[in-house]
Protein chains: 2
Amino acid sequence: MATLKDVAKEAGLSVGTVSRVLNNRGYISDETRDNVKRAMARLNYQPNEVARSLSKQNSNTIGVIIPSIEHPYFAKVLSCLEQAAHEQGYKLLLFCSRGETSREDEYIKACRSNRVAALILCTGSVRTSRMRNLGFPLITYERFINTGDAGVECDNYEGGRFAARELIQAGCRKLVCLRAIQEVSLPADSRKDGFLDECRDSGVDAYDYSFPPENLDDMEYRDLIRKFLDACPEADGVFAGSDVIAAQVLQVCKQRGIRVPQDLKVVGYDDVLLSQMTTPDITTIHQPVREMAEACVDIVRRSAEGESLPSRTTFHVSLIRRGSTAVG
Amino acid sequence: MATLKDVAKEAGLSVGTVSRVLNNRGYISDETRDNVKRAMARLNYQPNEVARSLSKQNSNTIGVIIPSIEHPYFAKVLSCLEQAAHEQGYKLLLFCSRGETSREDEYIKACRSNRVAALILCTGSVRTSRMRNLGFPLITYERFINTGDAGVECDNYEGGRFAARELIQAGCRKLVCLRAIQEVSLPADSRKDGFLDECRDSGVDAYDYSFPPENLDDMEYRDLIRKFLDACPEADGVFAGSDVIAAQVLQVCKQRGIRVPQDLKVVGYDDVLLSQMTTPDITTIHQPVREMAEACVDIVRRSAEGESLPSRTTFHVSLIRRGSTAVG
């Protein structure tokens, strides 16, 4: 049986375009429409109408559960997921869990009753027991679980190594990994491993200083950062778990007369817009969020076509050098 | 005929709770469930199952079209809409228009084919001709149009007055309203009117300096701000159209050696988290986004119950004083 992908290849068009022709969505020129129809005829392609009618009008709806919308990292993730979904002919049903497990359970139920094509789960706190036998594919974003059909993440370990290397090259000798821990183990935890390994390999002192589990919707770290600075006055380089934490490190340092980057150098994580809006702006690890979001939606589409799925897709990260690690 | 609201009143519970019992969503204690059932019996309340089945499983889905997800103001709006929808038993179908009119047309079509309960429109660029005869209520958020069933906005004029008063009280005498204009007229335009009126009433010089129409998803204003500072070197007080613009004013000033608040005082608009994450932090006009989002969802619910709707609901704003207007 020819798949949508075969038709796209035959017609020399993107899968998204062919999908739009099939679903009669968006503006399609007559020429493109004819082109797709000819390709379908040549390949004897039959859209799976049974499956489509079984799942009713929601077959092109993807459920997304996200822990926060206001947190700039998750706002970026959601924005990229919406863009990727649009390009591939899907709609998003949005659920924000705000760290409440009971709400996550309810949202998973809503996804079932709404016959979503798939669920993209961006939150770490859903119990894995809820993940089995959902009746639709489960794609986890920055969370690897055994019961998930497919996980998409960035190379957090590499990110930690890059951050340590940057701080060491900038002359720092007392490094701290400053992060919020979560109640469950997450791919993001490997940032710390990469950071500490790089420091050890370079013979530089490094500490792991962690905040209690965070409410991602709250984003208030200033008191915790003050305690950290009291506890580690000798630190000259900080790797913050997110740009949001890094931005607040800059604020607390300013209040205390600690100069960034002269007295303390700072590297963030995520590369959200906030990292460009502070003074100094923040050196950070760029997560390829757009590519990661596209991979998630691509997996949904491939799953719908019965293709076998990669259980884990990991993307390289990169260092973006800005003012918070400037030398001299 | 008794309405859901009558049942809620009779049972002494919120409409959201009664709605959950009816729709069997979320955790509800046996006691609450019994309470609701007794109230329904007393009032002879009959859920409108015909309407429900006509509109199928999507009767509790609200479409949201938003111009940007990453922009911190719209991230906050979306977060509050999701929360309000959750509390009142609705789900959100999310569409991000990114300033593309063709995409907005497509999204409105998708809302129709998905039989949404209502559409909340947070973008200014949809052509009003598309707004007629949708078949579902249209609620406009910070956009008043004659064809919309109900508009929800903040008192932008009052916000402009507050901003001018704050700058004048802080000693500024050369004021500028710095804002991005849009291709269509928006409620936000009244901020400028309130600002200029307050300055005129106080006998203080004020200019309106506007940037070309903005792409809300882009959020890069620094070159425009440099040009503004070149053009208005005598300005000692700036009212920025958003906290995002205000944050970038701080950055450009820092680069140029202009001290905020000593040389130039700055007031933003929106009161998003970013306004607390800069140094100095930003005095701003607080929009009651949570209340505005709740009003939107409330209108959806009341519309579903056949109640008459307020054509326009305007919320007071308030000034949040922070470091960017500090005196001395």
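## Contact between chains A and B

In this predicted model, 33 residues of chain B are in contact with 33 residues of chain A (two residues are in contact if their C-beta atoms, placed from the backbone, lie within 7 Å). Four elements of chain B each give two or more residues to the side that touches chain A: α5 (72-87), β2 (91-96), α6 (101-113) and α10 (243-256). Helices (H or I, at least four residues) and strands (E, at least two) are DSSP runs, numbered from the N terminus. The most comes from α5(B), with six residues.

By class, this side of chain B holds 16 nonpolar, 10 polar and seven charged residues. Ala, Val, Leu, Ile, Met, Phe, Trp, Tyr, Cys and Pro count as nonpolar, Asp, Glu, Lys and Arg as charged, and the others, Gly among them, as polar.

## Strand pairing

Strand β2 (residues 91-96) of chain A pairs with β2(B) in the antiparallel sense, over three bridges; strands pair if DSSP finds at least two bridges between them. L92(A) has L94(B) as its bridge partner in β2(B).

## Symmetry

Chain B is superposed on chain A by a rotation of 180 degrees with 0.0 Å of shift along its axis (RMSD 0.1 Å). That is the relation of a two-fold axis. The superposition is by least squares on the C-alpha atoms of residues with pLDDT of at least 70 in both copies. Of the residues of chain B, L93(B) comes closest to the rotation axis, at 2.4 Å (C-alpha).

The copies meet through the same surface, because 100% of the interface residues of chain B are also interface residues in chain A.

## Conventions

Residues are numbered from 1 along each chain as its sequence is written, and chains are lettered from A in the order in which they are written. Local features need pLDDT of at least 70, side-chain atom pairs count only at pLDDT 80 or more, and totals for chains, interfaces and linings use all residues.
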